Amino acid sequence: MRYLGIDPGTQWTGYAVLDCDGSELDRVTSGVFDLRKEGELSRRLAVLHEKLTALAAEFEPCELAVEKVFFGLNAKSALALGHGRGVILSVAGARRMPVFEYAPATVKKAVTGRGRATKDQVIKMVSYRLGGYASARDDEADALAVAMCHSHRKTANGLIS
């Protein structure tokens with residue numbers, strides 16, 4: 001199975017495509033879309049749509065995993081993040097790709113075993129699970145972690161069923 005993990009944002013959006021076979025994980029591609037240089041929000045959202053559409057067309061993931069919005073943000077940040085998530089969900093909907101959403105604590109617990117793990121602990125475990133791959137940005141590591149969380153959930157559900 002091939003999963004697309006997204007760490008949503010309107011300035012930086014992390015993405016990761018993982019191939020998953022049981023407990024085996026292979027990183028296909030990952031990175032960060034840097035949207036800051038695009039200017040106003042409407043243009044950043046349009047570029048995000050273009051980039052995600054191209055990514056999905058090239059790598060053809062079967063499912064999308066996205067981190068849920070953290071509501072501790074200020075209202076302006078939460079609203080902008082909501083716009084970005086809308087673009088992400090729109091791309092998934094256009095491709096008829098099922099969407100799975102995970103809270104940050106759920107992602108941390110799936111990757112590290114602790115729901116209150118630090119950012120560094122998540123990054124180290126992502127690197128370990130991917131054979132030493134070191135992500136260049138936190139947003140990329142978060143997207144990899146979201147995709148890993150989804151893979152763990154799908155594997156666990158398959159074993160329980």
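## Ground rules

Since the model is predicted, local features need pLDDT of at least 70 and side-chain atom pairs count only at pLDDT 80 or more, while totals for chains, interfaces and linings use all residues. Numbering starts from 1 along each chain as its sequence is written, and side-chain values use heavy atoms, with hydrogens and water left out.

## Cysteines

Searching the whole structure turns up zero disulfides (a disulfide being a pair of cysteine sulfur atoms within 2.5 Å). For cysteine 20, the closest cysteine sulfur belongs to cysteine 62 and sits 8.4 Å away, too far for a bond. Cysteine 62 is likewise in no disulfide.

The relative accessibility of cysteine 20 is 9%, so it counts as buried, whereas cysteine 62, at 30%, is partly exposed. The cut-offs here: buried is under 20% relative accessible area, exposed is over 50%, and partly exposed is in between, with a 1.4 Å probe and protein chains only.

## Helices 1 and 2

Helices (H or I, at least four residues) and strands (E, at least two) are DSSP runs, numbered from the N terminus. Helix 1 (residues 41-59) packs against helix 2 (residues 75-94) at about 30°, with the axes 10 Å apart. Axes are lines fitted to C-alpha atoms, for helices over the stretch in contact, and angles run from 0 to 180 degrees between N-to-C directions. That makes helix 1 and helix 2 roughly parallel (under 35 degrees; over 145 is roughly antiparallel, 65 to 115 roughly perpendicular, and the rest oblique).

On the helix 1 side, the contact (heavy atoms within 4.5 Å) uses Leu41, Leu45, Leu48, His49, Leu52 and Thr53; helix 2 brings His83, Gly84, Val87, Ile88, Ser90 and Val91.

## Helices 3 and 4

The axes of helix 3 (residues 104-112) and helix 4 (residues 119-129) come within 9 Å and cross at roughly 45°, so helix 3 is oblique to helix 4. Lys108, Val111 and Thr112 of helix 3 make the contact with Gln121, Val122, Met125 and Val126 of helix 4.

## Leucine 4

Leucine 4 lies in strand 1 (residues 2-7) and counts as buried at 3% relative accessibility. Leaving aside residues up to four places away in sequence, leucine 4 touches Tyr15, Ala16, Val17, Leu55, Pro61, Glu63, Leu64 and Ala65.
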